[in-house]
Amino acid sequence: MQTQFNKETYLYWYESMLLMRRFEEKAGQLYGMQKIRGFCHLYIGQEAVAAGTMSAITDRDNIITAYRDHAIALAKGMSANECMAELYGKATGCTKGKGGSMHFFSKEKRFFGGHGIVGGQIGLGAGIAFAEQYKGSDSVTLCYFGDGAARQGLLHESFNMAVLWQLPVVFICENNGYAMGTSVERTSKVPDIYRLADGFDMPGDSVDGMSCEEVHKGIERAVRRAREGGGPTFLEIKTYRFRGHSMSDPAKYRTKEELETYKEKDPIVEVLKVIHKNGWASETEIDAINNKVQQEVDDCVKFAEESPWPDASELYKDIYVDDTYPYITD
């Protein structure tokens, strides 16, 4: 059945993506000011993947991803305050200032990271799905990774196990074309990454990651299959990041012409065009959304600035579940 998208969905996509974009722009600015330290990987350009996903799933579904995690965490419902505070390394951050940019986490929102080991979350995603199946729940796990991680051996092990046990998991490759800085064409004889699913008799598909509608439809089909006991799906969502791999990447491996071509497909602009075309919001209403988002970002920076640093006593906490476990400080 063809999914019908209405005014509410488009306005949700617009506000959600705009928050991601403004948050990431501010994070990049603060990184340059050395307010944020360590690694920082921005999601600018890829927002349709996160927004289109969230409109297709439920709050009880799980998400796990790689280190480009800020925007997906925001889309899943984590607050801008706790996310920005974590970037600052403050005690009020989503992981108490201990994880930083690459390790956002929220048990409440069922967002399980934020993982710095390339491809390491693929096995964990299959494991979370196994736990849901074992408990008899109807929650589906969505496991995101980049095109570079598709070369990891753990992917094949996890795919095989997921298909064998018919786990309720959707594996999602956010293919932004360059991994860290090398194009897919130079790293694989098979540039259509979704075809990796064929070797495991797993349903696989390619999705336009610059379109919220196409992402929603691809995710909706896969999640429905998993929830109904049909097992895993592998989606290659083709997207594009407008910034480098990380803040230290000048992105000289691609042309300015290519970048501008993709910027013409900016998902935020495209969604806004549809809203205007259908008369779903006036300029005044759009301005109100813009101002609301800007205020939320300004407030989260203020919150992070004014939050305390973690106390030294926190150093050995949150390492083991058992607080009495020996050898923590020995």
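The buried residues of helix α4 are A80, C83, M84, A85, E86, L87 and Y88. Buried means under 20% relative accessible area, exposed means over 50%, and partly exposed lies in between (1.4 Å probe, protein chains only). Helix α4 spans residues 80-88, and seven of its nine residues are buried, so the helix is mostly covered. Its buried residues pack against α1, α3 and α11 (283-306). Helices here are DSSP runs of H or I with at least four residues, strands are runs of E with at least two, and both are numbered from the N terminus. After α4 comes G89, whose phi is positive, near 80 degrees.

This is a predicted model, in which local features need pLDDT of at least 70, side-chain atom pairs count only at pLDDT 80 or more, and totals for chains, interfaces and linings use all residues. Residues are numbered from 1 along each chain as its sequence is written, and side-chain values use heavy atoms, with hydrogens and water left out.

Look next at helix α2, residues 47-54. It is mostly covered too: eight of its eight residues are buried. They are E47, A48, V49, A50, A51, G52, T53 and M54.

Now take helices in pairs. Two packed helices are described by the angle between their axes and the distance between the axes. Axes are lines fitted to C-alpha atoms, for helices over the stretch in contact, and angles run from 0 to 180 degrees between N-to-C directions. Angles under 35 degrees count as roughly parallel, over 145 as roughly antiparallel, 65 to 115 as roughly perpendicular and the rest as oblique.

Start with α1 (residues 7-32) and α10 (residues 267-277). They pack at an angle of about 150 degrees, and their axes are 9 Å apart. The two helices are therefore roughly antiparallel to each other. Their crossing is left-handed. A crossing is left-handed if the near helix is turned anticlockwise from the far one by less than a right angle, and right-handed if clockwise. Which residues make the contact between α1 and α10? From α1 come Y10, L11, W13, Y14, M17, L18 and R21, and from α10 come P267, I268, V271, L272, V274 and I275. Contact means heavy atoms within 4.5 Å. By class, 12 residues of this contact are nonpolar, none is polar and one is charged. Ala, Val, Leu, Ile, Met, Phe, Trp, Tyr, Cys and Pro count as nonpolar, Asp, Glu, Lys and Arg as charged, and the others, Gly among them, as polar.

The second pair is α5 (residues 120-135) with α6 (residues 153-164). Their axes come within 8 Å and cross at roughly 15 degrees. These helices are therefore roughly parallel to each other. The crossing of α5 and α6 is left-handed. G120, I122, G123 and A126 of α5 meet L154, L155 and S158 of α6. This contact has four nonpolar, three polar and no charged residues.

Aromatic rings come next. Rings of Phe, Tyr and Trp (its six-membered ring) pair if their centres lie within 6.5 Å; planes under 30 degrees apart count as stacked, over 60 as edge-to-face and the rest as tilted. The count comes to 12 aromatic pairs. One of them joins F145 and F234: the pair is stacked, 6.0 Å centre to centre, with 15 degrees between the planes. F145 lies in strand β2 (residues 141-146) and F234 in strand β5 (residues 233-238), so the pair ties together parts that are 89 residues apart in sequence. Both F145 and F234 are buried. F145, F159, F171, F200 and F234 form one aromatic cluster.

Finish in the loops. T65 sits between β1 (62-64) and α3 (70-75). Is T65 buried or exposed? T65 counts as buried, because its relative accessibility is 2%. Leaving out residues up to four places away in sequence, T65 touches I72, F111, G113, G114, H115, Q121, Y144 and E174.

The loop between α4 and α5 holds G114. The peptide bond from G113 to G114 is cis, with omega near 15 degrees. K96 lies in the loop between α4 and α5 as well. Its phi is near 60 degrees, a positive value in a residue other than glycine. At 37% relative accessibility, K96 counts as partly exposed. D201 also has a positive phi, about 55 degrees, although it is not a glycine. Its place is the loop between α7 (184-187) and β4 (204-208). At 72% relative accessibility, D201 counts as exposed.
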